[in-house]
Amino acid sequence: MPHVSRKKLKKKVFIKIGEQLSSTIAKASSARELKWIFRELITPIERVMLAKRLAIILMLERGYSIDIIQKTLKVTPQTIVRFWKITKHSLYKPIIKEISNNKVKKDFWQELEKLILLGMPLRGKQWQLMRRVAAKHL
């Protein structure tokens, strides 16, 4: 679990630095700059947390069940429900659609389906179908 300081910031300061971070990320003009921001400002644990959150959103959009998401990503049902609520809010739908249509999506799904495949039982028609789909990507 990442270390969170017990010393609370004033609300105005917290909002201001959050806006500054968002602005810095939005103004990155290349993938190289974004990689630098994430490498230097975000710890490995924070990167894993962000990646899992993105994966939850994408898996929900793809129709995966809470149970499959929970087992695959090792997250709680409460976390999944929180992001399910976000995906239903109309403000975020264009952003989620853009993320879902990104060319990285294909590689993401190939890797994720491999993970799901490894964690699934060998029985049941539903799993057999998933195995066939995943096997095409292996």
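Which way is the crossing where α3 passes α4, left-handed or right-handed?

What we have here is a predicted model. The protein chain has 138 residues, and 20% of them count as buried. In secondary structure it comes to 8 helices and 0 strands. If you walk along from the N terminus, the elements simply go α-α-α-α-α-α-α-α. And if you take the contacts between residues at least 6 apart in sequence, 43% of them join residues at least 24 apart.

α3 passes α4 in a right-handed crossing. On the α3 side, the residues making that contact are K52, A55, I56, M59 and L60, and on the α4 side they are I68, I69, T72 and L73. Sort those by class and you get 7 nonpolar, 1 polar and 1 charged.

Now the geometry of that pair. Helix α3 covers residues 44-62 and helix α4 covers residues 66-73; their axes come within 11 Å and cross at roughly 155 degrees. Anything over 145 degrees counts as roughly antiparallel, and therefore α3 and α4 are roughly antiparallel to each other.

While we're on α4, have a look at T72, which has its place in that helix. Is T72 buried or exposed? It counts as buried, at 19% relative accessibility. The cut-off for buried is under 20%. And the T72 side chain has a polar atom that lies 2.7 Å from the backbone oxygen of I68.

Next pair: α3 with α5. Here the axes come within 9 Å and cross at roughly 65 degrees. The crossing of α3 past α5 is right-handed. From α3 you have R53, I56, I57, L60 and E61, and they meet T79, I80, R82, F83, W84 and T87 in α5. By class, this contact has 6 nonpolar, 2 polar and 3 charged residues.

Then there's α4 with α5. What angle do α4 and α5 pack at? About 120 degrees, with the axes 9 Å apart. Angles of 65 to 115 degrees would count as roughly perpendicular, and α4 and α5 are therefore oblique to each other. Handedness again: the α4 and α5 crossing is right-handed. I66, I69 and Q70 are the α4 residues here, meeting P77, I80 and V81 in α5. That contact splits into 5 nonpolar, 1 polar and no charged residues.

Let me zoom in on a few residues, if you want to click along.

Start with T87. You'll find T87 in helix α5, residues 77-88. T87 is buried, with a relative accessible area of 2%. A polar atom of the T87 side chain sits 2.6 Å from the backbone oxygen of W84. Which residues does T87 touch, not counting those up to four places away in sequence? They are I57, L60, E61, K93 and I96.

Leaving aside neighbours within four places in sequence, I96 is in contact with I57, E61, I86 and T87. For one of those, I86, the separation from I96 is 10 residues in sequence and 9.7 Å in space, C-alpha to C-alpha.

Last stop, R47, back in helix α3. R47 is partly exposed, with a relative accessible area of 31%. Where does the R47 side chain reach? To the backbone oxygen of F38, at 2.9 Å. Apart from neighbours within four places in sequence, R47 is in contact with F38, R39 and I42.

To wrap up, the pairs I showed you: α3 with α4 is roughly antiparallel, and α4 with α5 is oblique. And the answer to the opening question was right-handed. That's me done, thanks.

Technical notes. Residues are numbered from 1 along each chain as its sequence is written. This is a predicted model: local features need pLDDT of at least 70, side-chain atom pairs count only at pLDDT 80 or more; totals for chains, interfaces and linings use all residues. Side-chain values use heavy atoms; hydrogens and water are left out. Axes are lines fitted to C-alpha atoms, for helices over the stretch in contact, and angles run from 0 to 180 degrees between N-to-C directions. Helices (H or I, at least four residues) and strands (E, at least two) are DSSP runs, numbered from the N terminus. Angles under 35 degrees count as roughly parallel, over 145 as roughly antiparallel, 65 to 115 as roughly perpendicular and the rest as oblique. A crossing is left-handed if the near helix is turned anticlockwise from the far one by less than a right angle, and right-handed if clockwise. Contact means heavy atoms within 4.5 Å. Ala, Val, Leu, Ile, Met, Phe, Trp, Tyr, Cys and Pro count as nonpolar, Asp, Glu, Lys and Arg as charged, and the others, Gly among them, as polar. Buried means under 20% relative accessible area, exposed over 50%, partly exposed in between (1.4 Å probe, protein chains only). A polar contact is a pair of N or O atoms within 3.5 Å; within protein, one must be able to donate a hydrogen and the other to accept it, and residues adjacent in sequence count only if both atoms are side-chain atoms.
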